[in-house]
Amino acid sequence: MPDRFFLYLFVMAGVTYLIRALPLTLFRRQITNRFVRSFLAYVPYAVLAAMTIPDILFSTASVWSAAAGLAVGFILAFFDQSLLTVAGCAALAVFIVERFI
């Protein structure tokens with residue numbers, strides 16, 4: 001079992017290193033293409049959304065309460081409310097919908 005741990009550890013370290021080192025070795029000059037630059041600018045937001053939204057929708061007892069919390073969070077974030085306000089109101093919305101479903 002310890003042999004597998006170190007194998008997995010080295011594979012993970014290698015993959016993590018390659019993800020960071022490959023762009024530095026492949027792209028020596030600054031990227032000037034507007035499309036590629038805008039694409040790369042939005043990749044972190046897209047990955048974050050793809051990882052968190054499914055967890056949000058399936059983290060409660062009902063998809064409806066999760067959707068209500070997500071909607072409240074989106075609306076409050078759209079109107080530039082603080083993170084604490086958005087999180088608290090979204091949790092309150094989930095709590096209220098869970099009580100009535």
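Pro54 lies in helix H2 of a model that is predicted. With a relative accessible area of 36%, Pro54 is partly exposed, because that value falls between the 20% limit for buried residues and the 50% limit for exposed ones. The separation of Pro54 from Ile19 amounts to 35 residues in sequence and, from C-alpha to C-alpha, to 25 Å in space.

The fold that contains this residue consists of four helices and zero strands, and the order of elements along the sequence is α-α-α-α. Helix H1 covers residues 2-26, helix H2 covers 34-57 and helix H3 covers 63-78. The overall dimensions were examined next. The radius of gyration of the protein is 21 Å, whereas a compact globule of 101 residues would have a value near 13 Å. Taken along the principal axes, the box filled by the C-alpha atoms is roughly 55 × 50 × 20 Å. Of the 101 residues, 12% count as buried. Among contacts between residues at least 6 apart in sequence, the share that joins residues at least 24 apart is 39%.

Ser65, by contrast, is situated in helix H3 and counts as buried, with 0% relative accessibility. This assignment follows because buried residues are those under 20%. When residues up to four places away in sequence are not counted, Ser65 touches Thr60, Val94, Val97 and Glu98.

The largest pocket has a volume of about 160 Å³. Its lining is made up of Leu48, Ala49, Thr52, Ile53, Ile56, Leu70, Gly73 and Phe74. Helices H2 and H3 are the elements that give two or more residues to this lining, and H2 supplies the largest share, namely five residues. By residue class, the lining of the largest pocket comprises six nonpolar and two polar residues, with no charged residue.

Across the whole structure, two aromatic pairs are found. One of them joins Phe5 and Phe6, with 5.3 Å from centre to centre and 70° between the planes, in an edge-to-face arrangement. Within this pair, Phe6 is partly exposed at a relative accessible area of 44%. The other pair is formed by Phe78 and Phe79, whose ring centres are 5.3 Å apart; the planes stand at 80°, so this pair is edge-to-face. That classification holds because planes over 60 degrees apart are counted as edge-to-face. Phe78 counts as exposed at 65% relative accessibility, and Phe79 is likewise exposed, with a relative accessible area of 56%.

Technical notes
Residues numbered from 1 in each chain as written. Predicted model: local features only at pLDDT ≥ 70, side-chain atom pairs only at ≥ 80, totals over all residues. Heavy atoms only, no water. 1 Å grid on protein atoms, 1.4 Å probe; cavity = no way out; pocket = protein on both sides within 12 Å on 5 of 7 lines; lining within 4 Å. Points joined across faces, edges and corners; volume = space filled by probe spheres on them. Nonpolar A, V, L, I, M, F, W, Y, C, P; charged D, E, K, R; others polar. Phe/Tyr/Trp six-rings, centres within 6.5 Å; stacked < 30°, edge-to-face > 60°. Buried < 20%, exposed > 50% of the residue type's maximum accessible area, 1.4 Å probe, protein only. Rg over C-alpha atoms; globule rule 2.2 N^0.38 Å. Contact = heavy atoms within 4.5 Å.
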